[in-house]
Amino acid sequence: MKPKKDLSSHYTQSTPNWCPGCGNYGIWVALKNALQELKIPAHKVVLVGDVGCSGKLSYWTDYNGFAGLHGRSIPIAEGIKMANSDLIVIVVGGDGGLLGEGLQHFLHACRRNVNIAVILHNNQVYGLTTGQTSPTSDPGYKSSTTPDGSYETPLNPSLLALTAQATFVSASFAGNVTHLTQTIKSAILHPGFALVDAYQPCVTYNYINTYEFYSKRVYDVTTTPYKPNDRFRAMKKSTEIEGGKKFPIGILFQDTEKPSLQENIQNRVKPLVKQPIKNISVKSLFEQD
Amino acid sequence: MKLSNEFVIAIAGKAGQGVLSMGDFMQHIAQNLGLYSFIWVDYPSLIKGGHNIVFIRISDRPIHAPVEYITYLIALDAESIEIHFDEIINKGVLIYDNDIVKQKISRKTTKKQQFFGVGVPFNAISRGINKSSRYANTAAIAALHFVLNWSLDNYTHIIEKKFKKKSQKIVDDNILALKQAYAYVEEHYDHIFSQELNHGEAEPYYSINGSQALAFGAIKAGVKFTAAYPMTPATPIFDSLAQNADEYGIIAKQAEDEISAICMTVGASYAGARALTMSSGGGFSLMVEALGLAGITETPLVVINAMRGGPSTGLPTKTEQSDLRFVLHASQGEFPRVVIAPGDSVELYTLIQEAFNLADLYQLPVLILTDKYLATSQMIFPQDIDLNAITIDRGILIHNKSDIGSDKYARYLFTKDGVSPRALPGSQGITFHSGSDEHNEYGEICEDAQNRVKMMDKRMKKEHSLLPSIPKPEVYGNTHAEITLISWGSTKWACIEAMELLAKYDITANVIHFTYIYPFNIRKTQPLLSRINRAIVVENNATGQFAGLLKQYFNFEPEHALLKYDGHPFYPDEISNIIRKEMF
């Protein structure tokens, strides 16, 4: 990747308050790089934050930001996109918000194929509330709420998205900004719902899933003969992470044929924010039987 | 006591027996005859297999409330007789299937009542035509026409209009059922019924239910996005919007739950579309966190809560006004809001438009309270009402960079009235932050104590800034009266009709009707309360929630609170009787 001349642009004056070394920095840089490389004007972008460490990301860019509620960033993003399909709408949230509190929204957005990109900052802990067990924590993970270690099987985000018929499912790693940038770019360009499961080390609370841990285990699927065009093969591929030994990154599945929600709606309804609303006549409604 | 020349037709039977459409047809006929009509529905016994009843009150003067009696009961099954027997007025008529009810009810006399029975084998007549009970309801309507002394032509006309699109065979079969049943009644019964209300001179009106009134008002206000999750009795509002969505360029999205519904709505509104969500109490409970999100992000939002009997699942198909205190305080923390409770079709249509304007002008959530009774009752909407009376006002909007005085746009600029000029995302050259965290003028996360106080004060100031837009409550009847009935929302017309009934007993009463529930315009309202002699508050809940607000905001204590929480709306007679009994 060529170094960006204007890497300082699109940051706000306030600086992130993430812990030094947090995986969020890598995702933050990659997201900005992706938007810059795609040459999307800042005013056309809305970053919708969940609540948690990752959810604050929008505050530290000078794109439009809407920091929503814990678990609810996806429906907010869907509403924004439905109202103004010219906007590029990107959700930034963690594994707690997107897979715990807001799992239903995640699954329904997949099947709805709404044209938003979701970047899942997957650090396997609830960081901001001091490291509790999350839906993706490994079995045995000890925290203040699970002193004996978690007994539960972690959720597999890519597999979930695939079962819910998502049309773009990918994974990447916060420690590989180049790869993450490319993956986010593809997700933004995808005409439908796109998931980027970004493995993100939490340097303060998660001593297992570290930079070193992932660096040794991730591999780019494009370096293998793998083709991301078969949902069932992708499901199989996505289960590789379950042993904790191999983490395939890159696009696991993509279907550009299935119409997005926008395409379905656009046939019937003009973009909402462009419609004039003065002088609407409702007399015929009163007169219908 | 009756106020006028009027009667009530009740059609009762199982779900699927066509009860609602028969009610609709009878309403059309009454309207065509120049009579006024008011329809309400009830589902008194869901446990016993979906028992439905529709009441059609017909009069030669405008009527806007339900009453407690039945003049003509069409019982499509035996159970309907059992349940509604006692409601038939003296000299009323019961129309029943004499194959189903073997015991002949020709002229029943009990201690309270004497009524006529008209037995017609509706099911047998239908089976003779179609081998099913499909036309039993039409056969029953023929008997009703005989009893009413109304020409069958009215009904055949409706059948042709409604069913011609389906098939000529359905039209013919219906008319055959109608004629055969009419011939049967003529043969077996004399014309002994004295009903003489055959025509009137009603001013032209539309007959619409409360859900339609809200949906039409929202469409007029330019609603472009709505999301909801199905819940009785709010769903018909969403249905009405969804059915007209394509024609009016609206996205009506059924969401996976109420949380998603309100969050989508907040998102759509933030992006610039006028947006609406709705539910009943249970679903609204799920929405409350996002209500606060709209509050702190200053996103315009209109939310309808169509109340039903609570708590919890409560009485899903019954009416109540018990969510008032809940919506006033819903969501953590403090933020400005407006609560409006319309009382009839015209107020529903008008006030939802005002709600959209207030939401846009002051960038806050506006809650509309309605209830099962208003949402499902089919009311008079006079045709001389100007449908275009309310002008859309979207407040101060910034469209591009040149509209800002400085380099950087302050979405939450501190202003005198608390309202900051609003830009929409996507505006050329402008970007800004919004969020659920406390923030500075630029929308950036900020926990500084001084900023916190300033920002809270800025938001709360809007509740004062909007006061000039809040009218005083409406007074019906004389300025001075012995008794003042205080209504809010759906108890409006039961109170007004009760006032008219009281006049017949030489009791002078008037009604003060509140539609704007929060914030009150105290300065304009206080004088109206000060001149009250004896007050009675009428509300559909167990704890006198509105009476409590009068105490809190006006230090006003009514002499009597008439509270009803049995799932049914108030009836004018019930109110006037209690006033006569308890207050004199």
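User: How many bridges join strand 2 of chain A to strand 18 of chain B, and do they run parallel or antiparallel?

Analyst: Two strands count as paired if DSSP finds at least two bridges between them; strands (E, at least two residues) and helices (H or I, at least four) are DSSP runs, numbered from the N terminus. Here three bridges join strand 2 of chain A to strand 18 (residues 433-435) of chain B, and the two run parallel. Gly65(A) stands opposite His433(B). This is a predicted model, where local features need pLDDT of at least 70 and side-chain atom pairs pLDDT 80 or more, while totals for chains, interfaces and linings use all residues. Residues are numbered from 1 along each chain as written, with chains lettered from A and ligands numbered from 1 in the order written.

User: How many residues does the contact take from each chain?

Analyst: Residues are in contact if their C-beta atoms, placed from the backbone, lie within 7 Å. The contact takes 48 residues from chain A and 53 from chain B. On the chain A side, helix 2 of chain A gives the largest share, eight residues.

User: At what angle do helix 3 and helix 6 of chain B pack?

Analyst: Axes are lines fitted to C-alpha atoms, for helices over the stretch in contact, and angles run from 0 to 180 degrees between N-to-C directions. Helix 3 (residues 122-130) and helix 6 (residues 168-188) of chain B pack at about 140 degrees, with axes 10 Å apart. That makes helix 3 of chain B oblique to helix 6 of chain B (under 35 degrees is roughly parallel, over 145 roughly antiparallel, 65 to 115 roughly perpendicular, the rest oblique).

Key:
Contact = placed C-beta atoms within 7 Å.
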